[in-house]
Amino acid sequence: MTAAQIAHFISGTVEGDPNASVTRGAPIEAAQAGDFTFLDNPKYEEFAYSTLASILLVHNEFHPAKPVTPTLVRTADVRTSLAILLKIIDQANNSNGAAISEKASIHPEAKLGAGTEIGAFTVIEQGAVIGLNCKIYPQVFIGRNVRIGDNSTIYPGVRVHFDCEIGKNCILHANAVIGADGFGFAPQPDRTWTKIPQVGKVVLEDNVEIGANTCIDRASLGSTVIHSGAKLDNLIHIAHNVEVGHNAVIAAQVGIAGSTHLGDNVRVGGQVGFAGHLRIADGTQIQAQSGLASNIEKPGTAIFGSPAMGYRDFIKSHVVFKQLPDLQRKVLELEKKLAELEQGSSSRQ
Amino acid sequence: MTAAQIAHFISGTVEGDPNASVTRGAPIEAAQAGDFTFLDNPKYEEFAYSTLASILLVHNEFHPAKPVTPTLVRTADVRTSLAILLKIIDQANNSNGAAISEKASIHPEAKLGAGTEIGAFTVIEQGAVIGLNCKIYPQVFIGRNVRIGDNSTIYPGVRVHFDCEIGKNCILHANAVIGADGFGFAPQPDRTWTKIPQVGKVVLEDNVEIGANTCIDRASLGSTVIHSGAKLDNLIHIAHNVEVGHNAVIAAQVGIAGSTHLGDNVRVGGQVGFAGHLRIADGTQIQAQSGLASNIEKPGTAIFGSPAMGYRDFIKSHVVFKQLPDLQRKVLELEKKLAELEQGSSSRQ
Amino acid sequence: MTAAQIAHFISGTVEGDPNASVTRGAPIEAAQAGDFTFLDNPKYEEFAYSTLASILLVHNEFHPAKPVTPTLVRTADVRTSLAILLKIIDQANNSNGAAISEKASIHPEAKLGAGTEIGAFTVIEQGAVIGLNCKIYPQVFIGRNVRIGDNSTIYPGVRVHFDCEIGKNCILHANAVIGADGFGFAPQPDRTWTKIPQVGKVVLEDNVEIGANTCIDRASLGSTVIHSGAKLDNLIHIAHNVEVGHNAVIAAQVGIAGSTHLGDNVRVGGQVGFAGHLRIADGTQIQAQSGLASNIEKPGTAIFGSPAMGYRDFIKSHVVFKQLPDLQRKVLELEKKLAELEQGSSSRQ
């Protein structure tokens with residue numbers, strides 16, 4: 001691809017040689033001649049002045065502080081432009097034409113849409129219905145009566161338990177588990193626990209992405225729901241009857257306890273935990289490792305800490321936390337001085 | 001089922017129409033006519049006055065504050081009653097009569113009890129012994145000399161490594177890993193690490209439930225033991241030589257480092273971490289995200305924080321943490337005022 | 001094995017009966033006659049005086065405070081000696097001679113080195129190249145063009161996606177996922193997210209060990225790299241473009257966000273989280289549950305807390321945190337006393 005072609009694909013403008021050509025993408029600190037790369041996070045600006053890349057994608061408003069060697073392609077949105085270019089490159093990787101493996105175990109009463117591939121050692125149980133042009137990798141388990149929409153991709157080792165519903169254009173990464181039992185037990189007088197059967201299901205709406213080894217438990221009754229456009233990273237735990245709003249983004253290793261509802265466009269940092277039965281308002285932004293124990297009522301609130309507080313309040317309290325030994329010393333000194341003053345004062349009276 | 005039948009199954013009493021009939025369960029906020037639902041957590045009481053359900057399970061001591069439309073069935077223990085009803089419904093889901101799949105790989109020297117089902121692409125290695133009426137789903141790995149007791153259920157993708165022992169009535173959810181190597185290395189002078197072979201095993205006693213993608217490492221020597229009746233949620237890490245007490249309940253994403261022993265009836269919130277070589281007394285209750293770095297000696301202690309403290313002490317300290325900027329400001333004012341007073345005092349002397 | 005033979009294998013010295021003989025190892029608190037055991041962690045010294053083991057491995061400098069029954073074998077390095085002995089025992093466990101299962105699905109254009117075993121229901125895709133004497137367990141997925149070095153072990157359910165590279169002598173535990181997509185999306189004006197294709201790869205160098213259910217995401221561009229000798233425990237999340245240094249040791253459930261680089265010999269406690277784009281100096285030691293939000297510049301720094309601080313500073317601040325209610329009370333008393341003094345002082349003026 002030449003710089004001129006790239007500019008065409010992403011509606012950008014070339015600054016430098018429009019015939020500069022590249023064969024692959026590379027990160028800015030490692031790119032070589034013949035690569036294209038990009039500058040989005042300002043932390044990496046220094047590399048823009050030393051990179052060996054032939055083409056560099058930058059924001060329209062990027063003003064180099066030093067000379068830049070590669071041909072620049074300017075765009076209003078570097079990340080989206082990158083997504084477009086990489087998708088062109090990536091298409092070669094996804095066309096191995098496996099069709100339906102003879103080594104899969106597909107129930108005669110399951111239905112597969114045209115263009116759908118099924119890999120070896122995958123199991124599709126009775127009553128499952130899979131849409132058009134899906135890619136089901138090897139070693140996947142699709143339980144009874146599961147529904148999967150068109151154009152969805154299910155990577156190796158994913159388990160989707162009975163009755164669960166997956167929308168269109170979903171991506172489920174390797175070893176994710178959809179619809180295992182929720183964690184529900186009734187305490188007994190002898191201190192043992194009686195299992196409460198989990199007879200609900202999981203619904204993933206359209207355009208949902210689920211990370212590797214992430215677990216989304218089925219509802220005890222009703223549905224655990226991930227609304228359309230939500231993106232979940234690896235090793236996340238979603239308990240029974242949770243609801244995650246449209247276009248929410250949840251980083252790795254987050255845990256959400258039972259029946260908690262996250263609003264639309266919520267953003268959750270890594271390793272955050274939510275107690276059960278909470279309501280988290282639309283657009284809430286939660287810093288990594290926070291612990292939510294109560295509702296967030298106001299849309300767009302920034303949250304931090306465990307137990308969680310407002311973001312700015314947490315930062316202010318934490319600044320003092322770092323100075324606590326000093327603060328304690330000051331209080332002890334004050335006590336001492338005050339005692340002296342009191343003594344002086346009383347000796348004068 | 002009619003209200004009268006439900007009352008019969010759970011030894012409850014009907015308040016309203018004994019012939020009210022239902023075909024399925026639903027959560028209280030989503031139930032429709034023809035559904036039964038329940039009210040256990042008082043947070044949901046408002047829904048009792050608006051639900052469209054035909055039958056509502058409530059505690060004997062529930063006194064409605066407003067009129068209630070559904071027929072009530074009263075019981076001493078709502079959760080246990082729910083478990084009983086859902087089990088009746090759930091039985092239909094677990095009788096697909098798969099028998100022993102011809103697509104499984106079963107070593108001729110493995111033994112399978114009568115009534116045990118084995119799914120496609122499951123591997124059962126030499127010397128494994130599986131009890132009566134077990135349900136082993138597809139794509140499971142059962143290593144050499146593993147023992148599994150009667151009536152246990154092993155979901156797709158579970159791996160049970162050689163020599164491990166699973167009791168009766170156990171449930172292992174999808175992609176759980178039982179008996180992978182513990183994490184043990186001997187440091188070398190050149191800063192590399194020599195692996196210490198992990199030649200022990202894992203023992204899960206009877207009535208243990210293990211969540212999806214949870215890992216229980218084999219002991220380096222001896223056994224990692226989960227005692228009878230313990231329930232572990234998803235994505236938990238149990239290191240080598242850990243012991244978990246009878247009827248303990250551990251929420252998702254908890255991590256327990258090597259050789260730590262949890263007592264009976266311990267309850268652990270989500271994302272809690274335990275250092276190695278600890279002893280945690282019976283009945284200890286640990287809040288989510290806490291970090292345990294020392295023993296808990298006294299049974300029934302409530303714990304919170306990272307590093308962990310007594311629950312009430314943590315709450316009290318955290319209340320002040322939230323006010324720290326104010327506290328610091330007060331100390332600075334005190335210093336200023338005291339300096340003024342000292343000056344006044346010394347100028348008088 | 002006799003005590004004399006053990007001393008020979010580990011270059012140790014016998015103290016007691018050189019003909020004392022043992023058939024297996026056991027932990028010190030559970031060992032019986034006929035077992036060997038070891039004392040390394042001083043926490044367990046009391047058991048040295050009560051153990052029924054026939055042979056006890058101890059440090060050269062161990063001076064018993066009370067009489068010891070077993071024959072002692074003294075060594076300069078107990079853990080390494082244990083590793084040597086257990087490896088001798090463990091070899092019996094790893095020679096089941098499965099060869100290449102007819103139930104595996106191996107692409108004709110994949111290459112397998114001599115002595116490599118492949119288990120049932122494993123998939124090896126086109127262009128994969130696997131070295132000599134590897135052990136690939138059942139139900140593994142090896143994607144297109146993956147490279148695996150000699151003597152590596154891949155446990156059941158591991159997924160290695162296309163183009164990824166695994167070095168020599170690596171061990172990948174069950175259900176680990178290597179090379180799933182990194183978590184990268186470009187925000188759109190309508191609040192949806194456009195996926196940024198992840199076209200890079202993962203490189204595990206030689207002697208790397210990866211725990212069960214651990215996820216190492218492929219780079220968006222370039223490589224996610226785990227350098228030689230690094231050891232990762234279970235349920236860890238490594239995001240795209242992360243780099244982990246030589247001989248680093250990372251405990252379970254740690255999460256590392258995108259493009260962060262850990263130096264050589266770093267040690268990370270369980271459940272630690274790292275923000276993205278950080279640089280962590282060689283030899284940094286990080287306590288469990290810490291949260292890293294900024295670079296660590298100085299090699300060998302000890303770190304604790306979330307957000308993270310210097311280890312000693314955190315401990316000092318946390319000591320005061322525990323006393324905060326008391327500190328607050330003191331400040332209130334000081335305010336009261338000072339107000340009284342001021343009043344007294346002004347009434348005198």
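How many residue pairs are in polar contact between chain B and chain A? In this predicted model, the count is 28, taking pairs with both residues at pLDDT 80 or more.

Now select the elements on the chain B side. Those that give two or more residues to the side touching chain A are helix H3 (78-90), strand E25 (231-232), strand E28 (249-250), helix H4 (311-322) and helix H5 (324-348) of chain B. Colour H5(B) separately: with 13 residues, H5(B) gives the most to this side. By residue class, the side of chain B that touches chain A divides into 33 nonpolar, 22 polar and 15 charged.

Next, show both partners together. The contact takes 70 residues from chain B and 77 residues from chain A. Between them the two chains bury about 5,700 Å², and 62% of this area is on carbon and sulfur atoms.

Select Lys195(A) and Glu209(B). They form a salt bridge, with the closest N and O atoms 2.8 Å apart. The count of salt bridges between chain B and chain A is 1.

Cys164(C) is buried, with a relative accessible area of 0%. The cysteine sulfur closest to that of Cys164(C) is in Cys170(C), 12 Å away, which is too far for a bond. Cys170(C) is likewise buried, at 0% relative accessible area. For the sulfur of Cys170(C), the closest cysteine sulfur is in Cys134(C), at 9.3 Å, again too far for a bond. Searching the whole structure, over all chains, finds 0 disulfides.

Terms used
Residues are numbered from 1 along each chain as its sequence is written. Chains are lettered from A and ligands numbered from 1 in the order in which they are written. This is a predicted model: local features need pLDDT of at least 70, side-chain atom pairs count only at pLDDT 80 or more; totals for chains, interfaces and linings use all residues. Side-chain values use heavy atoms; hydrogens and water are left out. A disulfide is a pair of cysteine sulfur atoms within 2.5 Å. Buried means under 20% relative accessible area, exposed over 50%, partly exposed in between (1.4 Å probe, protein chains only). Contact means heavy atoms within 4.5 Å. Buried area is the accessible area (1.4 Å probe) that two parts lose on being put together, summed over both. A salt bridge is a side-chain nitrogen of Lys or Arg within 4 Å of a carboxyl oxygen of Asp or Glu. A polar contact is a pair of N or O atoms within 3.5 Å; within protein, one must be able to donate a hydrogen and the other to accept it, and residues adjacent in sequence count only if both atoms are side-chain atoms. Helices (H or I, at least four residues) and strands (E, at least two) are DSSP runs, numbered from the N terminus. Ala, Val, Leu, Ile, Met, Phe, Trp, Tyr, Cys and Pro count as nonpolar, Asp, Glu, Lys and Arg as charged, and the others, Gly among them, as polar.
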